[in-house]
Amino acid sequence: MNDSFKHLETKLIHAGEPHILGAVNVPIFQSAIFESAGEDGYHGIRYIRLNNTPNHLALNEKLAAIEGGEAALVTGSGMAAISAALLSVLSGGGHLLIQDCIYGGTHDFLTQDFAGLGMSYSFINADDPASWKALLRANTKAIYVESMSNPTLQVPDLAAVVSFAKEHGLVSMIDNTFASPVNFRPLEFGFNLSLHSATKYLNGHSDIVAGAVIGSSNLVGCIRRKLNHLGGALDPHACYLLYRGMKTMSVRVKYQNESAQKVASWLERHPKVGKVNYPGLASHARHQRARELFGGFGGVLSFELKQGSPAADSFLRRLRLPLQTGSLGAVETLITRPSLTSHSGMSREDRERLGITDGLIRLSVGIEATEDLVDDLQQALEG
Ligand SMILES: *Cc1c(COP(=O)(O)O)cnc(C)c1O
């Protein structure tokens, strides 16, 4: 890569740009098959499912560059990245240590599919490293956390995860979707694999579903072969949209960091609002840790109303600006109740233990004017 691409902002624009026939953008190669150029082996055949068309190659190069990885792999969804990575790292019946409060889809993959696949897991309290060693088994292969957990925005002891993994020969894996590469770059910090739902901040425009795996050439190579067998490739048009979306990620996320901070502080002062979860608030239990780890605190926060679940219902009905949906990381402000969407697959008991009450509201701040958003929250709270 060109040495002048030092910072993320520059890499987002210029890394992995093949300039085919002088084109400033990578054309969409809408071709499932390519003539043989003497490639050897199955995984070398150029074919969309094998993740090696010019659109995939350009995207993989940009993804690797922005988080400082040797290699990257774009996938058909965030869950394709997560499931292919876990199936690869735990192949042969491995055991996983995994943070107890994780993305609902990942949680359901563990609880519903792992046993049938001959794999096993133990949940860990990601804030209590002293408790992890007792959970190790002879076949433990990896430790898995999220940079900021969904939807309560906990910040695990990431330094302890990296050193524990090194000490015990485990692969350290992190779902970096919530922080985004703008606020945290896991490989520079010592993690082995960074996973993303590119559906969220990487693309940012709510028009595609995609995922990414970033890491060493060796690990990413194994995951790519697994994904090639499972078939979760991203199509070339979606590759193009993701590539284009990524170019503005830094500008979007920095604005979202600032706007979410203002909204969180405003909510915290409102008399009808109870607990606000946002790592940028001094009241967050791990605010100091978040300051040390992250370049910014992200665009997602969650909160409860003092009057609980029925009040949350009417508040959401009165809102005019945020769109009610389970996703996040978009240019539009999105709002949801995780107990009814992303975490509805969990039992109420498990949810309550993790702080996901029925009244908890998750807000993903978009790039609208902060003032308009606050005005709308205010009229909905006071209506
Ligand atoms: C959305 C999300 C996923 C799953 O990604 P898809 O693109 O929907 O498959 C995984 N992890 C986190 C933290 C997410 O927010």
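Tutor: The largest pocket has a volume of about 280 Å³, where a pocket is, on a 1 Å grid over the protein atoms alone, an open set of points where a 1.4 Å probe fits, with protein on both sides within 12 Å along at least five of seven lines, and a volume is the space filled by probe spheres set on the points, which are joined across faces, edges and corners. This is a predicted model, in which local features need pLDDT of at least 70 and side-chain atom pairs count only at pLDDT 80 or more, while totals for chains, interfaces and linings use all residues. Residues are numbered from 1 along each chain as its sequence is written, and side-chain values use heavy atoms, with hydrogens and water left out.

Lining residues, meaning those with an atom within 4 Å of a point, number 17 for the largest pocket, and T152, Q154, K275, N277 and H284 lie nearest its centre. The largest pocket lies between domain 1 (8–246) and domain 2 (250–382), because both give residues to its lining, the domain bounds coming from an automatic or database domain assignment.

The second largest pocket holds about 180 Å³ of space. It is lined by 17 residues, with G78, Y103, T177, S197 and K200 nearest its centre, and helix α3 (residues 78–89) contributes the largest share of that lining, three residues.

Conventions. Helix = DSSP H or I, 4+ residues; strand = E, 2+ residues; numbered from the N terminus.
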